[in-house]
Every structure is written in C-alpha cells, then in structure tokens.
Amino acid sequence: MKILAIETSCDDTCAAVLEDDRILANIISSQVDLYEKWGGVVPDIAKRAHMERIEPVIAEALRRSKPTPNPSLDERRGTKLSPEEIIEKEIKNIDVIGVTQGPGLAIALGIGVNKAKELAKKYNKKLVAVNHIEGHLMANLLKNKLGKPDRKVEFPALALTVSGGHTKIILIQNPPALRAPSLEKGGQNKFEYTVVGETLDDAAGEALDKAAKMLGLGYPGGPIIERLAKTGNINFLELPRPLADKKILDFSFSGLKTSFYYKIKDWEKERIFKNINNLAASFQNAVFDSLLRKFKLAIEKYEPKTLLASGGVLSNLELRKQLRKLAHEKNLTIYLPFKKELNTDNAAMIGIVTYLKARNREYVDNIDGLDRDPRLSL
Ligand code: KG4
Ligand code: ZN
C-alpha cells in the first residue's frame, strides 16, 4: 500500500511517502529560523509558511519516493515542473492519503487538513485522519526502505512521549491500529490507549525552551541546552522536583521553571555566561529526573512487557541513555525511533498510523465533513 502523509500541526511543514510501514521519502521543512527572534512559534507566521511550503514539500516527497529514479534526468525534469505538476504526475501511484487532524495549532492544522481533502477529492483517493500523538507513539515502528528495524511490541506496552506540546505516559493495550487486518471493522475501543500520567501545566520540551529563553539562548531551547549541559555540573543549582514524593504519575514543570527564574533573576549577564553549562546541566537534569521517576513508577504499577519512548525531547542523547538504563534495570525492551528526525514532528509517523488504520479500513467517510481538531484526544 502506497501512502502519502501530511503533517502541519505546529511549526514544521512535513510530507512523507511510505510503502506500508517503510519510509520511501520523509520531507521536513522546518520553520525554526523564522521564530528565533520571537523565542517561540507565532501562529500567523506559521500559517503563511505552511501555505507557501505545503505544495513544494508534498511534491518533493512524491518525487524522492520513486523506485528507480534516474537522478540526473529526473532532477532536470523535476526542476522544469511546478510542484502542482509534479503532484499531478506522481500522485497516481498513491493509494491512501493520511493527515494530522489534531491536536495542535488550529491555524496550522487547517492547512494540512484542507490540502489533504483537496487532493483526496481531486484524485479520488481514500483519506485517513490521524491523531498526532498516536503518530509519535507509532513512530517507534517505522522501518527504512529495506524493512529495518523489525520490531515486535508486546502488550501491554508503556510509552513515554515528550515534546514541546505534551508530556504523557500512555498504557497501550493492543490498539486496533496494531492488530492484523481485522474482521471487526473500525471498532476503536476507547480503553486501548490510556493516558496514565501527564503534565498538569507545561510540557517538558516547553520548560526546556522557556529556560533557554531565560538564559538568553535561541529557539528551540532543547537542543541548545543539551549541547551546553554536556560539560556542565548537574548539582550546580539546587532545583525542586515537583510532585516527586507523591505516588501519582502526573508531571509538573511550571514550579521548576519559576524556581529557576527566581534563582538567576538578579544575576549579572556575565555570571550567567560564565556558568551557562552548569545552569543548562542543572535544569536539564531536573526535567529528566522527573520524567524518569514517574516513568519508573508507572512501570512498577502497570508491569508492561515493552517500553516505547518518542517525541522531540527524545532526540536528547542523555535522556535516551538514562531511559535505556532504566529499561535494562527492569529487564525490559525499550524502543526509540530508529532515526533522530523521527523523534521530532514528521509526516512518516503520520504515514504509519495511516497504514495501520487503512488496513482496518478506518477511512474518513465524508471527506467534506472532516475538520481539524486542535484538542483531539487519544
Ligand atoms: O515533537 P516536537 O518536534 O514538536 C511537538 O509536538 O511539540 O518537539 C519539539 C520539542 C521542543 O520543545 C524542543 O526544544 C524539544 O522538542 N527538543 C529537544 C531536543 N530536540 C528537540 N529537547 C531536548 N533535547 C533535544 N536534543
Ligand atoms: Zn509532536
């Protein structure tokens, strides 16, 4: 099954082409350069950028997914055609279109949803609506062109998904999307994904981004903090661990952020600059410590057979290392997306959910009636 997937839930314009669960092309047009001076995503700018980029990005994904491209000839032809013409030419090989319906930034989601509807109607394709968070979860099952890595998830599985918009621990009990093509069509059971813990305020990625802003660093802050933290002292600044001694599985990062703010608010720029590595390390460690503590607690409570982790913050090598260590201690297999770019927002993760839902014939019945859903829950 050939799938075209579209993702525009936040600040990246993304399109991918998959053959079943194998990635043939995965194009990400990042908008981060547009937000550096604002320190975060600006909805109007995101909308305009998505509108300008959506067609070229889809065209590029279709073009790069071709099985036996003759690069030079193809490149030359490609440059002569407009994105619209490339789409027109290449979309005939596509069986299903999948698109992120939500959750996310309304104005941004709308661009992807409308484009997917337009293409599905114009070219008479089946359409699948995808939940962005399910995309992050299933990103762990994506394979490269050659079908590697081949992973087996055993249920119940426990997933930690951490990004700029969400921080959740999710218990997965054999979701319909992962079953073999089923006879009982569509029967999405509400209890197959259970959010057992989540942030009560800021997401972990958001906390890292805000701390970076306080330190006068760029956007997004997560990767910058990771780089600085490598040579810093995690015990330099004593920071709280909100909700740490409670047995609940929820997170809170807003108190940590406020405490960090008050600790450094009277510091001269020079003092911050001199200690930037130590400050980054202390803050990052406090965030990761909370994530690990709660995930460990959840493992002990739910006794899963497999662990999954995904979302933008999982690009962080230190967090990946600590999670692998925890899995090892618990004698469990942990799967993380096999490529760095599959942690942050991308359309391949939307493509794999499209594939799994299409196998169960979970198509959108009324294409005109499909609307973005900024608050869509799992
Ligand atoms: O999944 P994602 O691309 O978008 C959302 O759905 O939010 O995640 C973006 C978040 C940002 O907060 C960013 O700072 C964080 O992921 N992030 C990182 C790293 N790379 C991205 N955080 C820590 N370390 C990284 N290397
Ligand atoms: Zn995301």
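A charge is said to sit over a ring if NZ of Lys or CZ of Arg is within 6 Å of the ring centre and within 35 degrees of the ring normal. With that criterion in mind, select Arg-271 and Trp-267: Arg-271 lies over the face of Trp-267, at 3.7 Å from the ring centre. For another case, select Lys-126 and Tyr-363, where the charged end of Lys-126 sits over the ring of Tyr-363, 5.2 Å from its centre.

The model is predicted, so that local features need pLDDT of at least 70 and side-chain atom pairs count only at pLDDT 80 or more, whereas totals for chains, interfaces and linings use all residues. Residues are numbered from 1 along each chain as its sequence is written, chains are lettered from A and ligands numbered from 1 in the order in which they are written, and side-chain values use heavy atoms, with hydrogens and water left out.

**Aromatic pairs**

Rings of Phe, Tyr and Trp (its six-membered ring) pair if their centres lie within 6.5 Å; planes under 30 degrees apart count as stacked, over 60 as edge-to-face and the rest as tilted. By this rule the whole structure holds 4 aromatic pairs. Phe-236 and Trp-267 form an edge-to-face pair, 6.3 Å centre to centre with 90° between the planes. The pair links distant parts of the chain, 31 residues apart: Phe-236 is in the loop between α8 (221-229) and α9 (254-264), and Trp-267 is in the loop between α9 and α10 (269-274). Helices (H or I, at least four residues) and strands (E, at least two) are DSSP runs, numbered from the N terminus.

Phe-236 is partly exposed because its relative accessible area is 31%, while Trp-267 counts as buried because its relative accessibility is 14%.

Next, select Phe-260 and Phe-283, a tilted aromatic pair at 4.8 Å centre to centre and 50° between the planes. This pair also links distant parts of the chain, with Phe-260 in helix α9 and Phe-283 in helix α11 (residues 276-302), 23 residues apart. Both Phe-260 and Phe-283 are buried.

**Ligand 1**

Select ligand 1 and the residues near it (a heavy atom within 4 Å). There are 20 surrounding residues, and the closest are Gly-164, Asp-209, Gly-222, Glu-226 and Asp-345. Now display polar contacts, which are pairs of N or O atoms within 3.5 Å; within protein, one must be able to donate a hydrogen and the other to accept it, and residues adjacent in sequence count only if both atoms are side-chain atoms. A backbone N or O atom of Gly-165 lies 3.1 Å from an oxygen atom of ligand 1, and a backbone N or O atom of Gly-222 lies 3.1 Å from an oxygen atom of the ligand. From Glu-226, a side-chain N or O atom is 2.8 Å from a nitrogen atom of ligand 1. Taken alone, ligand 1 exposes 550 Å², of which the protein buries 90%; these areas come from the Shrake-Rupley method with a 1.4 Å probe, and for residues only the protein chains shown count as cover.

**Strands**

Move to strand β9 (residues 306-310). Why is β9 described as largely enclosed by the rest of the structure? The reason is that 5 of its 5 residues are buried. Thr-306, Leu-308 and Ser-310 point one way from β9, and Leu-307 and Ala-309 the other way. Strands pair if DSSP finds at least two bridges between them. Strand β6 (residues 157-162) runs parallel to β9 and is joined to it by 5 bridges, with Thr-306 as the bridge partner of Ala-157. Strand β10 (residues 333-335) is also parallel to β9, through 3 bridges; here Ile-334 is the partner of Leu-307.

Then select β2 (residues 12-19) and β3 (residues 22-30), which pair in the antiparallel sense over 8 bridges. They form a hairpin with 2 residues between them, and Asp-20 in the turn has a positive phi of about 55°.

**Backbone geometry**

Most residues other than glycine have a negative phi, and most peptide bonds are trans. Against that background, select Pro-103 and Pro-220. The bond from Gly-102 to Pro-103 is cis, with omega near -10°, and so is the bond from Tyr-219 to Pro-220, with omega near -10°. Finish at Leu-243, which has a positive phi of about 65° and lies in the loop between α8 and α9.

Note on methods:
Buried means under 20% relative accessible area, exposed over 50%, partly exposed in between (1.4 Å probe, protein chains only).
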